[in-house]
Amino acid sequence: MGAAILGNMSGSEKLTIGWLYPDLMNMYGDRGNILTLLKRAEWRGLTPNVVELGRGPAANMEDVDVFFFGGGQDREQALIYDDLKQFKRESLQKAAADGAQVLAVCGGYQLLGHYYQTADGERYNGIGLIDVITEAGRKRFIGDVVIESTIEGLNPSTLIGFENHSGRTFLGAKAEPLGKVLKGKGNNGSDRREGCIQGNVIGTYMHGSLLPKNPHLADYLISRALKRRVDGALSPLDDSAELAAHGWILQRAQRR
Ligand code: GLN
């Protein structure tokens with residue numbers, strides 16, 4: 001892992017990470033995604049910082065390079081979906097259109113879509129940043145997830161994580177799946193698709209946390225975010241520990 005020389009970017013290059021609702025939408029190790037982005041930026045000589053975007057008006061969202069939106073139970077989603085619409089929607093839409101990257105997991109993923117409907121029929125309107133809808137079923141989908149990603153050039157092409165959700169998500173015409181399900185339930189347990197990728201927005205059901213065991217996806221987000229200012233080429237890191245963990249989960253998933 002050690003320090004690596006920086007590609008062709010000056011050491012003072014900043015990387016701002018915007019963490020949506022860290023107090024309420026943060027489960028199954030989601031915080032690990034923030035730590036991974038911070039560390040992988042630091043190891044490239046970048047100057048990363050985290051902006052916490054809790055409930056209420058949020059300033060400076062235009063400065064954010066990578067947004068992270070974690071998961072939450074129905075109760076937590078009910079506490080934030082109005083705030084998301086009122087105080088975050090416009091800035092998120094503008095930032096994503098301007099090249100900022102958005103990674104949303106599970107409950108966060110659901111609320112970036114058109115709506116999330118609980119198993120009791122209660123509907124939480126989303127912000128329609130991605131063309132997906134979610135309706136919960138009675139049975140929760142819990143366990144390891146392994147997907148073959150649709151992201152071109154991602155190496156390895158697999159992504160792994162852990163899912164625990166009642167929501168069944170269906171993609172509209174504008175949204176592509178993040179990958180094909182090799183193990184687990186994914187979006188809805190029937191169409192063998194997992195997650196969603198639409199422009200600069202990635203949604204997924206993979207907790208775990210996701211990025212520590214998928215460093216290639218973390219670099220994908222950092223590199224794309226930096227491309228707004230510099231060429232975004234990242235110097236390689238020694239990811240042997242991360243990829244060993246990735247490989248181990250792959251094998252375990254195949255055994256089960
Ligand atoms: N409450 C949502 C569901 O059950 C999301 C759960 C989560 O974020 N893990 O599907």
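Me: Which residue's side chain meets D98 in a salt bridge?
Reply: This is a predicted model, in which local features need pLDDT of at least 70, side-chain atom pairs count only at pLDDT 80 or more, and totals for chains, interfaces and linings use all residues. Residues are numbered from 1 along each chain as its sequence is written, and side-chain values use heavy atoms, with hydrogens and water left out. A salt bridge puts a side-chain nitrogen of Lys or Arg within 4 Å of a carboxyl oxygen of Asp or Glu. Here the gap is 2.8 Å, N to O, and the partner of D98 is K94.

Me: Which residues do salt bridges with shared partners join into one network?
Reply: The structure has 15 salt bridges in total. Some of them share partners, and together these link up R40, R44, D219, D239 and E242.

Me: How many residues apart in sequence are the parts that R40 and E242 tie together?
Reply: Their side chains meet in a salt bridge at 3.9 Å, N to O. R40 sits in helix α1 (residues 31-42) and E242 in helix α5 (residues 240-255); helices (H or I, at least four residues) and strands (E, at least two) are DSSP runs, numbered from the N terminus. So the pair ties together parts whose separation in residues is 202.

Me: Is E76 buried or exposed?
Reply: E76 has a salt bridge with R75, with the closest N and O atoms 2.9 Å apart. Buried means under 20% relative accessible area, exposed over 50%, and partly exposed in between (1.4 Å probe, protein chains only). R75, at 56%, counts as exposed. E76 comes out at 16%, so it's buried.

Me: About how much space lies in the largest cavity?
Reply: Points join across faces, edges and corners, and the volume is what probe spheres set on them fill. A search of the whole structure turns up one cavity of 30 Å³ or more. The space in the largest cavity is about 80 Å³.

Me: Which element gives the largest share of the lining of the largest cavity?
Reply: The lining has 14 residues, and G72, Q73, C106, R140 and H165 are the closest to the cavity's centre; lining residues have an atom within 4 Å of a point. At least two residues each come from α2 (74-97), α3 (107-112) and β8 (158-171). The largest share, four residues, belongs to β8.

How values were computed: On a 1 Å grid over the protein atoms alone, a cavity is a set of points where a 1.4 Å probe fits but cannot get out, and a pocket is an open set with protein on both sides within 12 Å along at least five of seven lines; lining residues have an atom within 4 Å of a point.
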